[in-house]
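Please open the model in a viewer and keep the selection tool at hand.

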Amino acid sequence: MVRQRIQKQPVFVISRRPYSETSLVIDAFSRHHGRISLLAKGARRLKSPYRGILHPFTTLLIDWTGKGSLMTLTSADCVRRPYTYGYENLMCAWYANELITRFLHRNDPHELLFDRYSELLEKIDNNLKIEWSLRLFEKHILAETGYGLNLYQEAASNKTIEPHTHYHYIPEIGLVRQGDAVTSGILVKGSALIHFDQEIYPSPEDQAGIKGLTRYLLNWHMKGRELRSRRIFREINRHLPRNTAPITLEKPAETQ
Amino acid sequence: MELESAVDQLRDALKILPGVGPKSAQRMAFHLLERDREGAKYIVKALSFALNAVSHCSRCNNFCESDICRICSSQKRDQSVLCIVETPADLESIEHAGAFTGVYFVLMGHLAPLDNIGPESLSLDKLRKTVAESEVKEIVLATNLTLEGQATADFIASLFEQIDIQISRLARGVPVGGELEYLDPGTLNQAFDERRRLS
């Protein structure tokens with residue numbers, strides 16, 4: 001494998017963990033190189049130039065060198081002010097990061113998804129349709145990783161989806177009209193599918209249907225393994241005082 | 001065969017230590033067996049003694065060898081101010097600086113969904129009990145200024161927001177001796193957001 005020297009790449013840090021006494025191993029999402037692992041030597045030293053910038057949800061321009069699965073970070077510059085979320089919004093952003101680590105393979109570029117992720121962080125920062133943005137991000141991550149959803153026509157007949165009809169979404173098959181002797185998959189209303197397909201903000205009822213659909217599909221593709229951030233959400237809600245509104249990936253009072 | 005499996009077992013056991021991979025574990029195992037058997041016996045003794053003797057303080061959750069630790073039982077400490085830190089190492093740093101005279105609570109971690117660490121790993125029930133049973137008037141959140149640390153601080157603040165306790169957080173901004181030219185943008189932004197009024 002050829003030793004590479006890559007320069008000025010836009011990335012987001014997805015997660016980080018300490019390595020040896022003073023270094024960090026960074027799992028980053030690069031626009032042009034996909035998910036990569038980088039060793040940031042000395043990043044935990046008091047006078048490290050990386051100090052304070054190698055955090056998730058920070059837009060960075062970085063250089064790296066090396067070969068194989070762990071490259072060495074050689075330079076990092078912060079491009080914009082880091083997003084600083086409260087813990088509720090942070091949980092939503094962490095959820096997106098977990099989807100990236102679970103669904104994207106290493107060194108597989110997804111430029112469109114990188115841009116979508118960047119938009120998602122901006123929306124979470126502005127408290128703007130967070131739940132809806134997460135649903136669209138779930139759809140995009142499925143599409144980018146080869147599990148794209150056919151939401152506009154029935155699988156067998158290619159008939160266009162009707163808003164007032166209910167359909168079963170069956171993984172690897174697609175949409176089957178309710179009543180066509182099908183019991184598997186998840187039942188979703190046509191109007192929800194149309195809104196989700198055309199990315200038009202749906203009614204609360206349709207939004208719940210879309211949430212059920214993406215949750216079902218993510219679980220199916222993860223073969224029953226649970227997303228850690230979802231479990232942590234549940235734990236957090238159990239600990240909050242009784243008359244505090246529970247936090248969810250969706251915010252009832254979010255700005256539309 | 002017997003010897004080989006014992007060496008393998010030692011190598012596997014040493015890999016449990018943080019930052020120790022297969023190579024380092026092998027080096028340590030061979031060193032202990034070949035060069036320093038006395039040292040190995042000392043490690044065994046110290047480890048076994050520590051495992052039996054060390055538990056968590058029933059108030060502050062820090063490591064301690066009795067029911068209540070030295071700091072919690074001290075008459076000189078201000079029991080009305082409770083400083084919440086992530087790790088025993090953070091507590092030691094604050095003690096070393098000598099800036100704080102109250103008592104502590106050690107969470108033994110921070111919220112980190114990607115590492116599977118949630119509220120249930122952070123001894124929050126014990127924290128509630130400590131706050132309910134003592135005369136705490138102020139909680140100082142001294143978690144790390146990382147995303148995880150700040151999320152943990154926000155979450156703990158929300159746990160106590162309905163109780164009549166003052167909640168504060170360590171100041172953020174320009175470090176002592178810091179030159180603005182060399183500060184990272186995050187710190188500089190925080191310093192402006194939390195600038196202090198002089199007159």
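The expected span of a helix is taken as 1.5 Å times one less than its number of residues, where helices (H or I, at least four residues) and strands (E, at least two) are DSSP runs, numbered from the N terminus. This is a predicted model, in which local features need pLDDT of at least 70, side-chain atom pairs count only at pLDDT 80 or more, and totals for chains, interfaces and linings use all residues. Residues are numbered from 1 along each chain as its sequence is written, chains are lettered from A and ligands numbered from 1 in the order in which they are written, and side-chain values use heavy atoms, with hydrogens and water left out.

**Helix α7 of chain B**

Select residues 147-159 of chain B, which form helix α7. At 1.5 Å a residue, these 13 residues should span 18 Å, and the end C-alpha atoms are 18 Å apart, so the two values agree.

**The interface**

Show both chains and select the residues in contact, that is, with heavy atoms within 4.5 Å. Chain B supplies 27 residues and chain A 34 residues. Between them the chains bury about 2600 Å², 63% of it on carbon and sulfur atoms; buried area is the accessible area (1.4 Å probe) that two parts lose on being put together, summed over both. On the chain B side, Pro113(B), Leu114(B) and Leu147(B) lose the most area to chain A, together 29% of what that side buries.

**A loop residue of chain B**

Move to Asn62(B), in the loop between β1 (55-56) and β2 (63-64) of chain B. Its relative accessible area is 9%, so Asn62(B) counts as buried. Leaving aside neighbours within four places in sequence, Asn62(B) is in contact with Ser55(B), His56(B), Cys57(B), Pro88(B), Leu91(B), Val106(B) and Met108(B).

**Chain A as a whole**

The C-alpha trace spans about 65 × 50 × 30 Å along its principal axes. Of the 256 residues of chain A, 51% count as buried.

**Loops of chain A**

Select Lys41(A), in the loop between β3 (34-40) and β4 (59-66) of chain A. Because its relative accessibility is 54%, Lys41(A) counts as exposed. Not counting residues up to four places away in sequence, Lys41(A) touches Ser23(A), Tyr50(A) and Thr72(A). A distance drawn from Lys41(A) to Arg177(A), 136 residues apart in sequence, gives 56 Å, C-alpha to C-alpha.

Phe57(A) lies in the loop between β3 and β4 as well. What is the relative accessible area of Phe57(A)? The value is 0%, and Phe57(A) is thus buried.

Most residues other than glycine have a negative phi. Phe57(A), not a glycine, has a positive phi of about 65 degrees. Finally, select Asn158(A), with a positive phi near 60 degrees, in the loop between α3 (130-144) and β6 (166-170) of chain A. Asn158(A) is partly exposed, with a relative accessible area of 47%.

How values were computed:
Buried means under 20% relative accessible area, exposed over 50%, partly exposed in between (1.4 Å probe, protein chains only).
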